[in-house]
Every structure is written in structure tokens, then in C-alpha cells.
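I opened a new page for this structure.

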Amino acid sequence: MQYKSLLHILFGTILLAGCTAAVPEQYVESAVASSIHPAYGDITIPYNIAPLNVAYEMEGKAFVSELKCGARSLVMKGKQTDWKLKQWQRFLASAKGENIEFNTYVKTSEGWVKYRSINWYVAEEPIDPYISYRIIAPSYVTYEELSIRQREVGTFDEKVVYNNMLLSTGKDGQCINCHSYKNYKTDNMQFHARQHKGGTLIVTTDGVKKISLKTDSTISAGVYPAWHPTHNLIAYSVNDTGQSFHTKKNNKIEVQDLKSDLILYDIDRNEVSLIEHDTLEWEVFPAWAPDGKTLYYCSAHMEIQDYSQREREIIDRYQEFQYNIYRKSFDPDTQTFGPSELVLDAKAMNKSATFPRISPDGRYLLFAMAEYGCFHIWHKDADLYLIDLETMELRNVKEVNSSDVESYHSWSSNGRWMLFTSRRDDGGYTRLYIAYFDKEGKAHQPFLLPQRNPYFYGDYYKSYNVPEFMIEPVSITPQEFAGYLNEEVISAKFRSQKGVGENEMNKD
Amino acid sequence: MKGKTKSQAKVAPPAMVEGNLLKRLPLIAGLSFAFVVWVLFNVFEHEFLFRVQELSLWLPTKVYFDEHMLVPGGLMSYIACFLTQFFYYPMLGSLIYVALLLVVQWMTMKVFRISSRHALLALIPSALILCCSMEAGYWIFQIKTQGYFYSMLVGFLFVLSAIWAYQTAKGWGRFAVILGVAAVGYPLFGFYASLALVGIALWALRSNEERRGAMALACVVLVIATPILYYSVYEQTRFANMFTVGMPAFTFSKRDVFTWIPYVLLYLFPLVLPFVPLKHDAESVTKSSFLVEVLGSASVIVVLGLIFWYRDPNFRAEIKMNHAMERLEWRKALDIAKAQKQTPTRLIVLNKNLALLKLGRAGDEMFHYLDGGEAPNSPLKIRLMQVGGKMLYYHYARMNFCYRWCLEDAVEYGWKIDYLKYMVRTSLISGEPALAQKYINTLKKTLFYRGWAEKYEKMVQNPKLIAKDREMASILPLYQYEDQLDGDNSLVEIYLLNYFAHTYNEFSTPMFNEAALMCALTLKDIPTFWQCFFRYANSHKADRMPTHYQEAALLYGNLEKGVDISKMPFDKMVELRFQDFMKFAQKHAVENVERDPEAKKLFYERYGNTFWYFYFFIRDVKSY
């Protein structure tokens with residue numbers, strides 16, 4: 001009986017200890033910040049972000065974490081934080097426009113030590129509630145399992161939008177890529193499936209169709225998409241892509257376009273027409289201005305010297321492919337484009353610019369730039385750059401860049417948040433980073449997309465790519481998408497457009 | 001004899017089996033079987049078992065567990081991978097394996113109420129499981145089933161456990177077991193839950209329980225309905241695969257029919273056994289019928305083993321060489337190559353050449369071994385890249401290619417210890433310490449590779465240790481080259497031959513020049529040979545010119561007069577032997593001499609250890 005009572009007391013004590021985390025009353029202050037993983041520093045966060053859980057990478061007998069904002073605080077014990085979602089959400093919502101101190105208390109043999117506070121500023125503006133991305137192993141030729149997933153940014157909930165294994169067989173693999181939405185809403189969206197049961201799934205309010213965008217007059221099916229913000233139109237690049245491998249460089253691979261053009265797909269008419277078709281130009285990465293009256297894109301100019309060895313020459317001269325940014329005016333009603341206008345002469349800077357993205361207010365052009373080429377996700381020197389379209393001032397967004405790759409990037413619908421991929425963690429796997437972009441056009445220190453387990457990314461052997469913001473989740477289930485992809489493909493028709501693709505030299 | 005009739009006195013009663021023997025038979029048979037398997041494993045297959053665990057991975061992390069659970073049958077593969085890692089110590093791993101085979105035997109007897117007399121028959125499922133594991137051969141490089149070696153064993157144990165749980169339950173409890181097998185068993189064990197349900201249905205039908213019809217019907221409905229219902233839950237499994245998920249990832253094509261046989265036999269076992277009357281009174285067992293049954297069952301087990309146990313000498317040699325080379329035991333690798341009695345695969349030849357290069361003996365010995373290009377003995381399309389290419393790329397300092405193929409194969413066939421180890425080392429040499437640390441962190445979480453990982457972690461912290469490491473120090477002389485864009489089309493040997501033979505730059509080291517010359521000899525390209533020969537000679541001025549290089553120079557100098565060899569200081573012995581070879585060749589000249597088996601044999605006996613024999617008689621070699 002006594003033994004049982006002792007157990008009850010012990011159990012009760014343990015339970016009580018687990019529930020009553022409190023900041024130690026006596027401690028010594030340290031001038032250094034605690035060593036945490038992920039290494040969240042002094043950052044700006046949205047009030048609707050999931051808990052930023054951390055693990056302490058330091059020795060100690062006990063750990064107490066405290067979030068403090070004015071008189072309010074949240075406290076928990078343990079070597080890893082796992083903030084309760086509701087408490088965290090309430091706490092952040094009450095801290096809008098204020099600074100949160102993240103305090104760490106570590107018990108050592110000499111007593112408690114309080115480390116220097118880390119400051120998390122809670123922005124007034126929310127981040128879009130959902131993001132989507134493709135999960136892919138950073139391999140080169142093989143891909144096996146790929147999925148497009150959506151994540152609720154305010155929680156840790158992640159759902160599969162579509163997984164290629166729903167249709168892939170051992171022999172017939174299916175690649176999926178380039179999910180894209182119209183105006184951040186998912187009732188108009190698209191993604192491509194290649195090889196087995198291939199086609200572009202186009203979701204509109206009228207339903208879902210599987211379209212083949214390859215016509216006899218275009219290089220390929222659609223590749224990089226850009227939904228027109230107001231009309232049922234999608235601009236695509238069409239690309240004949242090849243890849244070769246570095247024998248020594250850490251970039252590992254070069255993905256090059258052997259040919260590329262731009263096309264416009266009219267969803268209502270199921271028609272494809274050419275936007276740009278110059279065989280001396282490698283046009284790619286279309287992006288609409290928010291008003292839909294300008295199309296931005298990148299293009300590299302290259303004159304092939306020996307057409308009999310065209311492909312070899314393109315590979316050998318890979319460093320000469322440097323992409324500039326151009327734009328064209330567009331009339332959505334007549335679907336006519338104006339002449340090309342140079343926006344950024346990156347080549348003149350011995351650089352190559354890719355993935356132009358215009359901020360929702362139309363003022364800023366964000367893009368990735370490296371020394372050469374168009375596939376910056378494998379270029380260690382790739383960084384994000386910004387052009388203020390009012391002043392045309394160009395600058396390196398040093399606030400967010402690292403010594404490793406920064407590439408694919410998106411603007412939140414309110415223009416206050418940037419989402420981009422980076423290989424900064426380990427050099428091999430792309431992770432998603434979020435950065436605040438303030439009204440003065442300054443980006444703030446980015447932070448890693450939080451996961452419940454702080455060590456998740458270390459154990460995870462897949463990359464995140466093509467991150468896109470959404471204001472609502474995709475409601476079609478993966479199995480339903482598989483059903484649509486199982487259907488017969490509908491071929492798009494080609495519509496020739498006067499003035500495009502005519503009287504061109506050096507046709508190959 | 002008192003009281004016996006006349007006829008009784010004439011006909012002796014049949015000899016009966018002793019009761020004690022019958023009681024102990026399951027134990028005797030089981031232990032004998034386990035002992036034989038354990039001995040066979042440790043005498044003949046310990047290197048294979050070690051390789052099996054190298055080509056697997058188990059991690060005690062949530063991410064790893066969650067990834068297994070993304071498909072039905074996830075727990076089965078998780079447990080299978082967990083058990084596989086113990087083959088790191090083949091004696092321990094095989095002990096666990098045979099112990100589980102004994103559990104299968106014991107449960108088979110218990111579940112199917114098999115009397116002691118039929119104990120050997122109850123060993124047949126264990127024997128079939130063994131066949132499933134040991135028929136693998138080259139499949140270990142290509143199978144996409146995680147924890148392949150153990151998956152059948154774990155799955156079958158679940159089937160037996162489910163049927164046993166049904167038998168043990170009473171009344172509606174049996175219905176609960178059926179529902180549990182479907183609702184919980186299917187996500188955890190996939191197809192094996194369906195197999196268990198069919199087994200339960202047949203067992204129920206055979207029984208005389210009141211609700212047997214309803215129970216059997218429930219099982220059949222759940223076998224069909226469970227995968228359909230779970231289709232909306234699992235987001236990365238094809239609808240058709242929902243019914244087979246958990247079975248080994250062989251194709252249903254003609255190529256894999258043979259591989260399926262032990263599986264199908266095993267699947268049939270729990271379905272057929274309920275209808276086989278195997279319960280006998282021990283006292284009624286005659287010695288003769290007992291002997292027939294024991295010998296019959298034992299013969300079946302032996303025949304199964306003989307048919308399905310993969311025993312290809314080249315495969316074994318490749319596995320052994322790989323292990324020796326991984327431990328930098330280059331001499332041992334050469335001993336294994338030397339012991340080969342049949343035409344080797346290209347991997348054996350390439351491994352042998354690498355070992356000779358490392359030991360600095362290539363110029364004198366590279367043609368002292370059997371040469372050729374026997375195709376791997378497998379119905380699979382084997383790529384050298386999968387079976388040994390990564391090691392070759394690593395040791396020939398093609399770091400990006402080694403890393404690339406580790407990643408490509410990891411994506412296609414799953415992450416493996418083998419790949420992670422190369423990714424650590426290539427990342428270190430390529431100057432990517434953060435990437436190396438990521439893989440080191442993973443290896444540190446394994447049960448048996450923590451020490452290995454910690455050794456390389458020191459190099460992350462102090463890169464100067466890289467050049468001091470014995471293994472890496474022998475690779476760095478080949479790492480002196482400039483970057484270029486290239487591709488190997490997954491043909492390792494062709495790529496390496498052409499790369500080394502046709503590459504030269506100001507940084508080329510003596511070791512690089514030797515590798516180049518070896519490749520030029522293999523290519524049998526005379527202009528390339530001379531280029532490489534002179535580079536080699538220039539970088540080895542102080543050294544004696546090895547025999548094979550002299551042999552090639554003599555032969556090429558005589559075949560084509562483009563290079564004046566008259567002033568070259570050939571060894572007297574080499575010159576005399578070459579003259580002898582020429583005379584011998586003239587004497588035995590026949591049409592198509594290089595393809596004449598008799599001539600080949602004749603020349604091999606006399607000149608089989610020369611470049612001349614290689615040049616004329618090793619032909620039509622196909623790399624893969």
C-alpha cells in the first residue's frame with residue numbers, strides 16, 4: 001500500500017512538473033544568443049504563421065523557452081519547443097505590430113543562464129493562408145515519386161494535391177510539374193503531367209480538362225506557365241530541353257534549352273498561338289504584370305556557328321547563354337502584343353536573369369540572377385534581385401540572399417511576403433524561406449518554413465520547388481486528379497498570328 | 001507368444017515410431033534446419049548478407065517511419081528494414097533470421113494444428129521463405145521493395161498471427177479479429193492482410209462453428225472492399241496496386257515467372273493447409289510411413305533450396321571483391337579475381353584493374369587474370385553502374401558522377417547505406433562539407449555506422465584530414481582535372497576508358513597517366529596508346545617500364561611502323577618472348593585464329609598472361 005502511494009506521489013509530481021513551466025526566478029544573463037535549430041534570428045514573421053519550433057543545440061540540464069510580448073508571455077520546458085497551436089495563434093494575433101522576445105533559460109551546474117533574447121517582430125500584414133510546392137528528390141534523370149503538395153501556413157497541415165504514383169507504373173513513369181494558379185485562387189489552376197498519361201490539366205470554373213498543348217507549329221507542349229490575371233489565357237514557354245553533367249563543379253548539372261519560344265493558350269477557344277518565335281532568341285519564363293497589360297519574359301540571344309553540330313555547340317558554349325529581361329505590352333481583348341522592350345540587360349553585366357515576378361502592386365520586379373544559363377536552381381551563385389519599376393533601380397536583395405542557391409520565388413497576394421527556395425542549409429536540398437517585404441521596398445531577414453519537428457529538414461531527403469502562394473486550398477482530391485489524367489487528352493489547335501513567326505532568318 | 005493366433009504369429013506387427021521421438025521431432029527438425037541454414041549462410045553467404053544490409057537502410061526517425069507508412073504495408077517494410085541491418089554482423093543477422101524461420105515453423109504447426117509427425121512438412125513454409133530471400137541474386141540492386149530480404153518472412157508471420165488470433169477469439173470476438181485484420185492489418189501489412197483474411201475465410205469454412213458462412217463472407221467482402229476504401233486515404237498508390245501492395249515488386253511478366261514461384265507456393269500454403277488432414281494419433285505412426293514422410297519432406301526442402309538458392313560464382317566474386325575493396329584490401333580483391341575459374345564479368349575485370357592500379361602492379365600484372373565479359377547471370381537488365389559503378393567512379397575520382405548515380409539510384413530504388421557512404425566521401429572531396437554533414441548525420445543515427453560516420457565528421461571539421469586519409473589520399477592524384485560538361489549514358493566502363501585514355505592536362509599526375517595507359521591498352525587503339533605511353537614514360541622516368549607496357553609497345557611497333565621502337569630499351573626477356581610469340585603465331589596461323597577455340601586454348605596456355613593474348617583473343621566484350 002505504501003509502495004502504491006509512493007508511486008502516486010511520484011506520478012503526480014512528474015505530471016505537475018510537466019504542466020507548470022515557469023521562468024526561473026534567479027539567473028545569470030549571457031550576452032550571446034542561444035544556439036537553436038533552425039537558426040531563427042531577429043526576423044519579421046506574420047501573425048498567422050505556424051509555431052516556430054526550435055531545438056537547442058547546446059548542453060544543459062534543463063531548458064525553458066519563453067515568448068514575451070509586453071506583459072504577455074508563453075512558457076514551455078524542454079530541449080525542443082512544441083508550442084500548442086491555439087496558444088501560439090492567440091499569442092501572435094495579440095502581438096500584431098509588436099516585438100516578441102524569444103528568451104532561453106538553460107540550467108547549468110552553476111544555476112540558470114538566460115541567453116540574449118532573439119527578437120521576432122510580428123508584422124501587421126498576414127501571409128496568404130496556403131502555399132503549394134512540388135516535392136522532388138534533387139536527382140537529375142530519375143524521379144520515381146513526385147508530388148505537388150499544399151501546406152496551410154498557419155498550421156503544420158500538409159496535403160497532397162497530386163502524386164504521380166497514383167498513375168505511374170514500373171515501366172511507365174509520370175513526371176509532374178509547373179502547378180500554377182490564376183490570381184492566387186485555385187478554381188483556375190493548372191499543372192503538367194509528362195510521359196505516361198501526359199497532358200496539361202487545366203482547371204477552370206467550367207471543369208477540368210486534359211489538354212495537349214503540343215502542336216505541329218510549336219516546339220513542345222507548354223512548359224513554364226503564367227495565368228493571365230483577368231482573362232482565360234495562359235502564356236507558356238515551349239522548350240526543347242537537354243541536360244549535361246559537370247565533372248567537377250559543385251553546380252553538378254546544366255539544364256539548357258536547345259530551343260525555346262513563347263506561346264499563348266486561349267482556354268476558351270482551346271487555341272495556341274505564338275508570342276515569340278525567333279530562332280536566334282531563347283525566350284522563356286513568361287510573367288504577367290498584375291494588370292494583365294504587360295508580359296515580362298527572359299530571353300538569351302545566341303548565334304549558332306555550326307548548325308551541323310548545333311546541340312554540341314550549345315552545350316560547349318553553355319556559359320555564353322545569358323538571359324535578359326524583356327517585356328511586351330498586351331491587349332487582352334484583341335490578344336495582340338506590342339514590340340519587345342528591354343527591361344534589364346543582364347548580359348551587359350555578364351549575368352543571366354531568370355524568373356521575373358512582378359509584385360501585386362506592379363512596382364517591383366523580383367528575379368533570380370547568376371552568371372549564366374536559365375536553370376538557376378543548380379547555380380550556386382544564383383541570388384534574388386529586385387528592380388523598382390518606377391525608378392528602374394536594380395539591386396541585389398542581399399537581405400535574403402546567401403552564398404548558396406536562391407531561385408524560384410513568389411509574392412504573396414498582398415505583396416508583403418516573399419517565398420523562395422534556397423539551398424543554403426546544406427548545399428544539396430532546396431528548402432522554402434519566407435521573408436517580409438516592407439512598404440519601403442526593403443526585404444527582411446528570411447526564415448525557414450516551420451515544421452513541427454525542428455529537425456525535420458535534416459532527416460528529409462527531398463527538395464521543395466516551385467513554391468506558390470494561394471489564398472484558398474485546392475479542393476480537388478489527388479484521386480480525382482488521377483481520374484482526370486486517365487481521360488483522353490484534348491489537343492489544342494494552333495492559330496497563326498500575323499507578324500509572329502514570319503520572315504524569320506536562320507530557321508533550323 | 002501365448003494366446004496369439006497362428007496368423008498373428010506369422011505376420012509381425014509394423015514397427016512403430018517411438019512416442020518420444022515424435023514429440024521431439026518438431027524441435028529436432030526445426031533446429032537441424034536452422035543450424036544447416038545458419039552454417040550455409042556463414043560459410044557461403046556472409047559477404048552476400050553483408051551486402052544486403054549495405055543495400056538497405058533503417059533509421060530511428062519519425063520522418064523515416066512516416067515515409068514507410070505512406071503506402072499500405074508500411075510497417076512490414078519498416079520491420080523488414082530494421083531486421084535487415086543486423087546482417088552487418090552476418091553471424092548475428094543470420095541467427096535472427098533462422099530464429100524467425102523457427103517461429104514460422106512453430107506457428108505453422110500451431111495454427112494449422114499439425115501433429116508432431118508432420119513437423120518437417122511444417123518446415124516447408126520456412127524453406128519457401130528462405131527461397132524467397134535467397135533467390136534474389138542481382139535483384140538486390142534493383143528491387144524496389146524496401147527490406148526485401150525480410151519482407152516475406154514478416155508478412156507471412158502476420159498471416160499466421162492473424163489466423164491464430166481468429167482461432168483464439170470466441171463468438172463475436174472473431175468478427176472483431178476479421179475487422180481488425182482489415183482495418184488495421186491492411187495499412188500495416190498490405191496484401192498480407194488480404195491473404196490472412198482469405199486464410200481465415202477458408203479456416204472458418206472448414207470449421208464447424210455456427211456462423212462460419214457469415215464469417216467467410218465477411219472476409220471475402222473485406223478482401224475486396226478494404227483496398228477500395230483505403231484508396232481515398234493513400235495518396236501515392238495506384239488503384240490496381242492497392243490489391244497487391246506489400247507483395248515483392250517483381251513484374252507480372254514472363255521474365256519474372258521463375259522468381260514468383262516460391263512466393264506463390266507460400267501464398268497457397270495457408271489456403272490449402274486447412275483442407276489437408278494432418279492430425280494423426282502418434283501411436284498409429286509406422287516407422288516406414290514416417291520415414292517416407294520425413295524423407296519426402298526433407299527432399300522437398302532440399303530440392304527447393306537447390307532450385308532457388310542463387311549460387312552464381314561471378315556474382316559471389318563481385319560481392320566479395322566489393323567488400324574487400326571497401327576495406328582497402330586490394331590484395332584480397334586480387335586473390336578473389338585470381339580464384340575465378342570462369343569467364344569474369346566486366347565488373348570483376350574492372351575491379352581487378354583498379355586494385356592493380358592502387359597497388360602499382362597494373363603494368364606487370366593486368367593480363368595475368370582471366371579476362372572477358374561474361375554477362376551477369378540474371379534475367380534482369382543489369383547495369384554495371386548499379387552493381388559496382390559507384391565504387392569505380394569514386395576511386396577514379398569522378399566525384400560528381402559517383403554522387404549523381406548514388407542519388408539517381410536512391411530515388412529509384414530507395415536510400416541505402418552504400419549510397420550514403422559514397423555521398424559523404426564524394427561531398428568531402430568535392431568541397432561540400434555541409435552536404436557531407438547531412439549524410440553523416442543520417443549515418444550516425446543507424447545502429448552500426450555511427451563510428452564510420454564519426455570518422456568522416458572529423459574531416460568536415462578539419463578538411464586537412466582528407467589528404468591524410470589513406471583511402472582519399474590514393475584518390476586525390478586522380479582528382480586533378482578541369483571541369484567540363486559530360487555524360488556517361490550510364491555506361492561506366494566505356495566512359496572511364498574514353499575519359500582517361502583521351503584526357504590530358506598539365507595537372508596530370510603519374511597515377512593519372514598510368515590509368516590512362518591502362519585504358520588505352522584496353523581500348524586497343526594504337527595512336528591513343530602511343531600518346532598515353534609517352535606521357536606515362538615521361539612521368540615515370542625513374543621507374544622501370546612494366547612488362548605489359550613493353551609488350552604493347554613491341555606489338556604496336558611491329559604492327560604499325562608509325563613509331564620507331566628500335567631504340568627503346570626493352571627487357572631482354574620481353575623481347576625474346578615476343579619473338580617466340582611471333583614464331584608461334586606464324587606456326588599456328590589459321591583463318592580467324594582469334595575466334596578459333598582450339599587456337600585460343602593453345603595460345604592461352606603459352607601466352608595467356610600477356611598483352612598479346614589480350615589483344616588478339618579477348619574479343620567481342622560487351623560492357624553494360
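**Strand pairing across the chains**

I began with one residue pair. A:F245 has B:D486 as its bridge partner in β1(B). I note that the model is a predicted one.

Next I looked up the strands around that pair.

**Contact between chains A and B**

I then turned to the whole contact. Chain B gives 33 residues to it, and chain A gives 38. Which elements of chain B give two or more residues to the side that touches chain A? I found α4 (62-68), α20 (399-413), α22 (433-444) and β1 (485-486). So β1(B) turned up again, in a list made by the DSSP runs. The largest share comes from α20(B), with 7 residues.

I also checked residue classes. The side of chain B that touches chain A has 11 nonpolar, 11 polar and 11 charged residues.

**Domains of chain B**

Last, I looked up how chain B is divided. Domain 1 spans 20-308, domain 2 spans 312-379 and domain 3 spans 540-617.

How far apart are the C-alpha centres of domain 2 and domain 3 of chain B? I read 23 Å. In the contact between these two domains, domain 2 of chain B supplies 6 residues and domain 3 of chain B supplies 9. I sorted the domain 2 side by class. It holds 2 nonpolar, 2 polar and 2 charged residues where domain 2 touches domain 3 of chain B.

Definitions and conventions. Residues are numbered from 1 along each chain as its sequence is written. Chains are lettered from A and ligands numbered from 1 in the order in which they are written. This is a predicted model: local features need pLDDT of at least 70, side-chain atom pairs count only at pLDDT 80 or more; totals for chains, interfaces and linings use all residues. Domain bounds come from an automatic or database domain assignment. Two residues are in contact if their C-beta atoms, placed from the backbone, lie within 7 Å. Ala, Val, Leu, Ile, Met, Phe, Trp, Tyr, Cys and Pro count as nonpolar, Asp, Glu, Lys and Arg as charged, and the others, Gly among them, as polar. Helices (H or I, at least four residues) and strands (E, at least two) are DSSP runs, numbered from the N terminus. Two strands pair if DSSP finds at least two bridges between them.
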